[in-house]
Amino acid sequence: ALLLPPLLPVPSRQLRPTVLLLPSELLMTPVPLLPVLLLYVLLPPVLLLSLPPVLQVAADGSLELVLVDRERTLSLLSIANGKASAPRALAKGIDARFTPSIARFNGGLLVAFTKTVDTAMHSFVARVTAAEIDVRDVTPISHGAGAPSCVLGASTPTLVMIDARAGVSPLLEVGFDAKGAAKPALVRTPVSQPYTPPLLSALQLPNADTQVAYTAVGRAAATAVGIVPLRRAEAPRALLPSLGYGPLSFATAVGSRAGLFALESPQSAAASAPRDILVKVLDQIGDGPALTLHATSAKSVSLSKPALAAGMPREFFLLYLDGATWTLAVLDCDA
């Protein structure tokens, strides 16, 4: 079914969603790009995933998919001209609580993921070219590092991680040279009370600082989503104030002038409260008013698991779970 809701105005921004309902039996996990039907036709039917696929679109229109299966094996699969390649295994036994992150460099892909070393979280990067796969631990000495996030909108590949601790937790930054080799990690902004396990997303806005959004424990131990500049110590601003309890999911995309966030938002402080999805634009001024998406299915009262990706100018794809139905919304936004 294809639904065309009326234009939904947001002060100084406008979002116009076109919603495509997809049957729950079609999708195992959310895919944050439009060609969802193509992907699931081409993926091997026996491939059971424990995390949403992560996608990278090449200049020639081909797709690179990073997959994590139920055995916690990290693999890379390419789709070009309607044909899927055989998966290339990158690593085994990764920490499946954290979705991998990918960035492109001149000559290949960088795939970042988390893995436990002894009892500590470590961040690793697989440097993938047509000829080789080179996996390196980029965790600095005397630190842990988890939830690695490649900076969206960055001109050169940059990775942000968190050394998650019980109190103040520093963010860590790793740059890469033109050949995809990691530079030494730098200790950046400390954040307080990250949620366990933390969810992290970094983005670079045009002519602005790199910003890092993360899940945190807020007032009365409720869960919030905060955002801080990566390279300046400032108190976090609330993208989503603390209200409900338990893990929250959010997604990020970057347009030509601003970022877009889709955040799970509890309707009340009750532990089992239904959730909406809030869509917010973040630019150099700050975050604007939210567009709230509610459950529409007769059998559903809650939305969850948002995924976002930028398409053509002004075009964003939002995928989320409405009860038992994955819903794909195409957003028209001036970000």
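## Aromatic pairs

Two aromatic pairs turn up in this predicted model, where a pair means Phe, Tyr or Trp rings (the six-membered one for Trp) with centres within 6.5 Å. Planes under 30 degrees apart count as stacked, over 60 as edge-to-face, and the rest as tilted. The F113 and F124 rings sit 5.7 Å apart centre to centre with planes at 10°, so this pair is stacked. F113 belongs to strand β10 (residues 108-117) and F124 to strand β11 (residues 120-128), so the pair ties together parts eleven residues apart in sequence. Strands here are DSSP E runs of at least two residues, numbered from the N terminus. Both F113 and F124 are buried, meaning under 20% relative accessible area, with exposed being over 50% and partly exposed in between (1.4 Å probe, protein chains only).

The other pair, F250 with F261, is tilted: 6.5 Å between centres and 45° between planes. F250 is in strand β21 and F261 in strand β22, eleven residues apart. These two are buried as well.

A word on ground rules: this is a predicted model, so local features need pLDDT of at least 70 and side-chain atom pairs count only at pLDDT 80 or more, while totals for chains, interfaces and linings use all residues. Residues are numbered from 1 along each chain as its sequence is written, and side-chain values use heavy atoms, with hydrogens and water left out.

## The sheet around β23

β21, β22, β23 and β24 form an open sheet in the order β21-β22-β23-β24, with antiparallel pairing; two strands pair if DSSP finds at least two bridges between them. β21 and β24 are the edge strands, each pairing on one side only. Neighbouring strands are turned by 20° against each other on average, direction ignored; the axes are lines fitted to C-alpha atoms, with angles taken from 0 to 180 degrees between N-to-C directions.

Eight bridges join β22 to the antiparallel β23. Across that pairing, E264 stands opposite I277, and A262 has V279 as its bridge partner.

How many residues of β23 are buried? Eight of the eight are, so the strand is largely enclosed by the rest of the structure. R275, I277, V279 and V281 point one way, while D276, L278, K280 and L282 point the other, and all are buried. As background, side chains in a regular strand alternate between the two faces of the sheet.

## Nonpolar cores

The largest nonpolar core has 19 residues, and L260, V279, L293 and L318 touch the most other members. A core in this sense is a set of buried Ala, Val, Leu, Ile, Met, Phe, Trp, Tyr and Cys residues joined through side-chain atoms within 4.5 Å. Strands that each supply at least two residues include β22 (259-266), β23 (275-282), β25 (303-310) and β26 (315-322). Apart from this core lies another of 16 residues, among them L90, V111, F113 and A126.

L293 touches D276, I277, V279, L303, L318 and Y320, leaving out residues up to four places away in sequence; contact means heavy atoms within 4.5 Å.

## Salt bridges

The count comes to twelve salt bridges, each a side-chain nitrogen of Lys or Arg within 4 Å of a carboxyl oxygen of Asp or Glu. E173 pairs with R188, with the closest N and O atoms 2.6 Å apart. E173 lies in strand β15 (residues 168-175) and R188 in strand β16 (residues 186-192), so the bridge ties together parts 15 residues apart in sequence. E173 is buried at 8% relative accessible area, whereas R188 is partly exposed at 27%. A network of salt bridges links E173, R188 and R231.

D209 and R232 meet at 1.7 Å, N to O. D209 is in the loop between β17 (200-204) and β18 (210-217) and R232 in the loop between β19 (223-229) and β20 (237-240), so parts 23 residues apart in sequence are tied together. D209 is partly exposed at 35%, and R232 is partly exposed at 36%. Back in β23, K280 forms a salt bridge with D287 at 3.1 Å between the closest N and O atoms. K280 counts as buried at 11%, while D287 is partly exposed at 31%.

Definitions and conventions. Helices (H or I, at least four residues) and strands (E, at least two) are DSSP runs, numbered from the N terminus.
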